[in-house]
Amino acid sequence: MTTTIEVAGDHPYPVLVGRDLLPELPARLGKAAQVAVMFSAPLKAHAEKAMRAIEDSGRAVLPIEVPDAEAGKSITVAEKAWEQLGRAKFTRSDAVVGVGGGAVTDLAGFVAACWLRGVAVVHVPTSLLGMVDAAVGGKTGVNTAAGKNLVGAFHPPAAVLCDLATLDTLPARDLTAGMAEVVKCGFIADPVILDLIESGGDHIQELVERAVAVKARVVGEDLREGGLREILNYGHTLGHAIERFEGYRWRHGDAVSVGLVFAAALGVRTGRLDPGTAARHRTVLESLGLPVGYRRDAWPDLLDAMRVDKKARGARLRFVVLDGLARPSVIEGPGDDELRAVYEEAVAT
Ligand SMILES: NC(=O)c1ccc[n+]([C@@H]2O[C@H](COP(=O)([O-])OP(=O)(O)OC[C@H]3O[C@@H](n4cnc5c(N)ncnc54)[C@H](O)[C@@H]3O)[C@@H](O)[C@H]2O)c1
Ligand SMILES: O=C(O)C(=O)C[C@@H](O)[C@H](O)[C@H](O)COP(=O)(O)O
Ligand SMILES: [Zn+2]
């Protein structure tokens, strides 16, 4: 059965969750006469199906193949895509479709956000992480030498099609990585997610729907991260620093998993979170096969990388922590010694 979750805001849009949703794609493309379909090599078969559906609706398709995963999330790759749009004389009524994991949809969204200062984009996320997080909410962007996602734009999609059938080809390790963002939603807003995971069994559709609902509720209220949206960044301050330290070769979800353990321990250290809920982070993440520790010697570099986190204000670092289960809040300016102590105690291996 297909479920539709509406994302509110100035430009509301639907997120469809179900199986075999490609027939829905043409109806989401408005008046586009040309549609650029962005994808990376592992998604070629899925992208070809999308392209056939678009062509069958009488539109011209411009295939844009990009490097896979984080290698595609660069300004150089975006620039090549813009050159292709230029050669095709892509106009404001045309549209972009991103078919792939979060890296491809972040890139496709960014290309669409900047071309002619904004053309429509429809996302067809094919990874769990893409479905529950990256494709929803309109954050688009690329990585630079300075850090993760530091260049980008808010550009909500016209629609998101979460076709659960695409998960059949997703490597198991990438499915696991996606679970880190699902767990994050459980801790910040919907503990039923945690109960479902702890109960075992296959709850994938309900988990996707619940995580999308959490994200939709937040971004519907605060697209541009004026406040509330920061809760979606739980675990990401350290997570992004690890990704940068690893040269973007670690999976985003794996880095977020370590970041969640760190953020939970910071909550305990600052007297906000009970140790039982912090311990539950580690147990749930470990039960899924996600990493919960990271190298001790990396700390000085990680602290340095965290200083360019988007939540920082001047020299003050800010972290999302929990005051309790599903009670997120933000703390400002914990000292370097305190942060180091939390890292040593909870994360360092
Ligand atoms: N914009 C946002 O709000 C937001 C939210 C969360 C994450 N992100 C970003 O998303 C990215 C991570 O996304 P991800 O975990 O999907 O990683 P990814 O896009 O790198 O995909 C992981 C791997 O899985 C492959 N893959 C994806 N779907 C597949 C399928 N159905 N069959 C076979 N292979 C498939 C990809 O080709 C890739 O090799 C990061 O760059 C992160 O910063 C953005
Ligand atoms: O949508 C958001 O807002 C999030 O923070 C979701 C995160 O899972 C996601 O990784 C996002 O890309 C991080 O945003 P950033 O602004 O810290 O780059
Ligand atoms: Zn994330």
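A residue counts as near a molecule or strand if its C-beta atom, placed from the backbone, lies within 6 Å of it. By that cut-off, 31 residues surround ligand 1, and the closest are A69, G101, G102, A103 and S127. Helices α3 (102–114), α4, α5 and α9 (252–269) each give two or more residues to this shell. Helices here are DSSP runs of H or I with at least four residues, strands are runs of E with at least two, and both are numbered from the N terminus.

Sorted by class, the ligand 1 shell has nine nonpolar, 14 polar and eight charged residues. For the sorting, Ala, Val, Leu, Ile, Met, Phe, Trp, Tyr, Cys and Pro are nonpolar, Asp, Glu, Lys and Arg are charged, and the others, Gly among them, are polar.

## What kind of model this is

This is a predicted model, where local features need pLDDT of at least 70, side-chain atom pairs count only at pLDDT 80 or more, and totals for chains, interfaces and linings use all residues. Residues are numbered from 1 along each chain as its sequence is written, while chains are lettered from A and ligands numbered from 1 in the order in which they are written.

On confidence, the chain has a mean pLDDT of 97, with 100% of its residues at 70 or more; pLDDT is the predictor's confidence in each residue, from 0 to 100. For the complex, the predictor gives an ipTM of 0.99 and a pTM of 0.97.

## Ligand 2

Ligand 2 has D133, G137, K139, N149, E181, R229, L232, N233, H236 and K310 around it. By class, that comes to one nonpolar, four polar and five charged residues. Domain 1 (3–169) and domain 2 (192–346) both contribute to this shell, so ligand 2 lies between them.

## The annotated binding site

An unreviewed UniProt entry puts the feature "binding site" at E181, H236 and H252. UniProt positions follow the numbering used here, feature names are shortened, and annotations may be inferred rather than shown by experiment. The three are spread over 72 residues of sequence but cluster in space, with a largest C-alpha distance of 10.1 Å.

E181 is in helix α5 (residues 172–188) and counts as buried, with 29 C-beta neighbours inside 10 Å. A residue is buried if 20 or more other C-beta atoms lie within 10 Å of its own, exposed if 12 or fewer and partly exposed in between, with C-beta atoms placed from the backbone. Leaving out residues up to four places away in sequence, E181 touches L129, V132, D133, A211, G253 and V256; contact needs C-beta atoms, placed from the backbone, within 7 Å. H236 belongs to helix α8 (residues 236–245) and is also buried, with 26 other C-beta atoms within 10 Å. Outside the four places on either side in sequence, H236 meets V256 and G259.

The centres of domain 1 and domain 2, taken over C-alpha atoms, are 26 Å apart. Domain 1 puts 25 residues into the contact and domain 2 puts in 21 residues. On the domain 1 side, β1 (3–7), β2 (13–18), α4 (128–134) and β8 (147–154) each supply at least two residues. That side has 15 nonpolar, seven polar and three charged residues.

The unreviewed UniProt entry also has the annotation "domain: 3-dehydroquinate synthase C-terminal" over residues 178–312. That stretch is 64% helix and 0% strand, with its end C-alpha atoms 26 Å apart.

## A few residues to look at

D254 sits in helix α9 and is buried, with 22 other C-beta atoms within 10 Å. Its contacts, not counting residues up to four places away in sequence, are A177, A180, L290 and P291.

Most residues other than glycine have a negative phi. L116 is not a glycine, yet has a positive phi of about 55°. L116 is in the loop between α3 and β6 (120–125) and counts as exposed, with 12 C-beta neighbours inside 10 Å. E225 also has a positive phi, near 60°. E225 is in the loop between α7 (204–221) and α8 and is partly exposed, with 17 other C-beta atoms within 10 Å.

Notes: Domains from an automatic or database assignment. Contact = placed C-beta atoms within 7 Å.
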